[in-house]
Amino acid sequence: MKPTLPQGTRDFGPETVRKRQYIFNIIRTQFELFGFQPLETPAFENLDTLMGKYGDEGDKLIFKILNNGLERPEKHESSRQLFEQVLQGKLEKGITERALKYDLTIPFARYVAMNHNLLTMPFKRYQIQPVWRADRPQRGRYREFYQCDADVVGSRSLINEAELLQLYTTVFSQLKIDVKICINNRKILVGLAEACGFAGNMMDITIAIDKLDKIGLDKVIEELRNKGLTEDSLQKIQTYLKLSEIEGNSDILQLLKNFFAETPIALEGIQEIETLISFAPQVSIDVTLARGLNYYTGTIIEVKPLGIQMGSIGGGGRYDDLTGLFGVSDIPGVGISFGVDRIYDVMEELKLFPENLEGSLQVMLVNFGETFNAYNFSVMQTLRNEGISCEMYPEPIKFDKQLKYAGKRNIPYVVLIGEDEMNEEMISVKNFTTGLQHKMRLTEVISRIKQGSL
RNA sequence: GAGGGUGUAGCUCAGUAGGUUAGAGCAUCAGAUUGUGGUUCUGAGGGUCGUGGGUUCGAGCCCCAUCAUCCUCCCCA
């Protein structure tokens, strides 16, 4: 058979892994610097932990795991019947009761609900793990990808939001990616739905207006008209959407206040944004920002890269009662996520990776044959004890082949110890960048490599 | 779930109107060069033309189906 990868997955070769690690390291370092603590959760969860948390669309995209033992003969009949029900979109236990995790937030909420009396609140955790979505792959979209999440639970303070916005700003500036950090507030969207007499169906409205920059005003209004909104409400929404054309946070805030003068819930959201802007003036208010995940209740955040066509590379928001879904209420939280795979794609396309991310291997010892192996081997151990990474070519093949290998692997120094060197108790070192070669004692090799003066 | 593009060597792709034995570059390996890499030169290996059917005297090329992959929409990181 010829091997293939499952759709939407990738292998990462050495060079790619190094670049990815560069991103992970920057994010992890900042997470720690901001006081977040690490957490890991299983690759898969019980299906009912995940179902119903991400909206209808999300449920469809959860990778379900087939139960074990379905192939056992005595289970054939019941499996067949259960599968019939699955085909009708009905219950799925008996066929599947576990699923690959879809994001890091819900498993975190599950963890907090299970451990809340052990945790010191407010609890700040970060988590760097893969998640899986049964989506159709396309540009910037994978079925397996990494998220890096930072969340704070057990605090309602907007300081947390401000910190997370600062975290975004710091990380993306270190990665040298130009981004637009957009914020909005679900309370404003709730207020808008209320004002339209459509309070129960906030998501329909928000999902439609979220598409403004993609499909344009006319189509958004058309879509909402089909949802059954009155002409009066459509007029209100048009007025609201006009705000998206305005530049400048303070102007937008003022207009929002006027527009929602008689909608208390919206005013609350506006007030929250105003406070946040005072902490983080670098972010932009985006009144059309909605976000599909239905557990957000307050601030919502999204990060878009500038100068490239790519979906969001980060997102998050406040959720006031996520653990309530697991029977533990009154634990509010707020969090953000970094999409490493898209960040990688952006950096690759805009050539933002530093040059010198190649291997750390510093020295290769040439293999001159059995007579010299023991001596070379002991030199190699000495170098390693000195913290210099090195390897000896394992086969006594032709000299130029060994050098070719060193060249391809970008090894900066090649050590040659053959007959002459052994007799003289000297070592020949060739600098592969300059091509120059010198003979010296081992101690000098070590100190000069350490100083980078070889 | 809806719509579109592409499948020829390990990779990127040529392949002209359907016509003998399917090509190039890169990569790999070997030699030129038995203690000095990248450059250069010479040579070699490597293909069920995604798969199955059909049209035809004849199919890499045309038709149908199927699979894979990429892109767009929906939704998202």
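Lysine 398 is found in the loop between strand E13 (390–392) and helix H16 (399–408). Helices (H or I, at least four residues) and strands (E, at least two) are DSSP runs, numbered from the N terminus.

Before I go on, the ground rules. This is a predicted model, where local features need pLDDT of at least 70 and side-chain atom pairs count only at pLDDT 80 or more, while totals for chains, interfaces and linings use all residues. Residues are numbered from 1 along each chain as its sequence is written, chains are lettered from A and ligands numbered from 1 in the order in which they are written, and side-chain values use heavy atoms, with hydrogens and water left out.

Back to the lysine. Is lysine 398 buried or exposed? Lysine 398 has a relative accessible area of 61%, so it is exposed. For these words, buried means under 20% relative accessible area, exposed over 50%, and partly exposed in between (1.4 Å probe, protein chains only). Lys398 gathers with Lys401, Lys404 and Lys408 in a patch of positive charge on the surface. Patches are made of residues with over 30% relative accessible area and no salt bridge, with like charges joined within 9 Å and nonpolar side chains (Val, Leu, Ile, Met, Phe, Trp, Tyr) within 5 Å.

Next, the strands. Two strands pair if DSSP finds at least two bridges between them. Strand E7 (residues 179–185) is largely enclosed by the rest of the structure, because five of its seven residues are buried. With strand E9 (residues 299–305), E7 pairs in the antiparallel sense over seven bridges. E7 is also joined to strand E8 (residues 284–285) by two bridges, and these two run parallel. Isoleucine 183 has a partner in each: isoleucine 301 is its bridge partner in E9, and isoleucine 285 stands opposite it in E8.

There is also an open sheet of three strands, in the order E2-E4-E3, with antiparallel pairing. Its edge strands are E2 (44–46) and E3 (64–65), each of which pairs on one side only. Two bridges join E3 to strand E4 (residues 98–100), and arginine 98 in E4 is opposite isoleucine 65.

Now the salt bridges. How many salt bridges does the structure hold? There are 22. A salt bridge here is a side-chain nitrogen of Lys or Arg within 4 Å of a carboxyl oxygen of Asp or Glu. I will go through a few.

One of them brings together the side chains of arginine 291 and glutamate 302, at 2.7 Å, N to O. This pair links distant parts of the chain: arginine 291 lies in the loop between E8 and E9, and glutamate 302 in strand E9, eleven residues apart. Arginine 291 is buried at 15% relative accessible area, and glutamate 302 counts as buried at 14%.

Another joins arginine 141 and aspartate 135, at 3.2 Å, N to O. Arginine 141 is partly exposed, with a relative accessible area of 30%, whereas aspartate 135 counts as buried at 17%.

A further one is between glutamate 444 and arginine 448, at 3.3 Å, N to O. These residues are four apart in helix H18 (residues 442–451), so about one helical turn separates them. Glutamate 444 is partly exposed at 34%, and arginine 448 is partly exposed at 24%. Finally, Arg10, Arg20 and Asp341 are joined into one network by salt bridges that share partners.

Conventions:
Areas by Shrake-Rupley, 256 points an atom, 1.4 Å probe, with all protein chains shown as cover. Lys, Arg positive; Asp, Glu negative; His and termini not counted. Charge placed at Lys NZ, Arg CZ, Asp CG, Glu CD.
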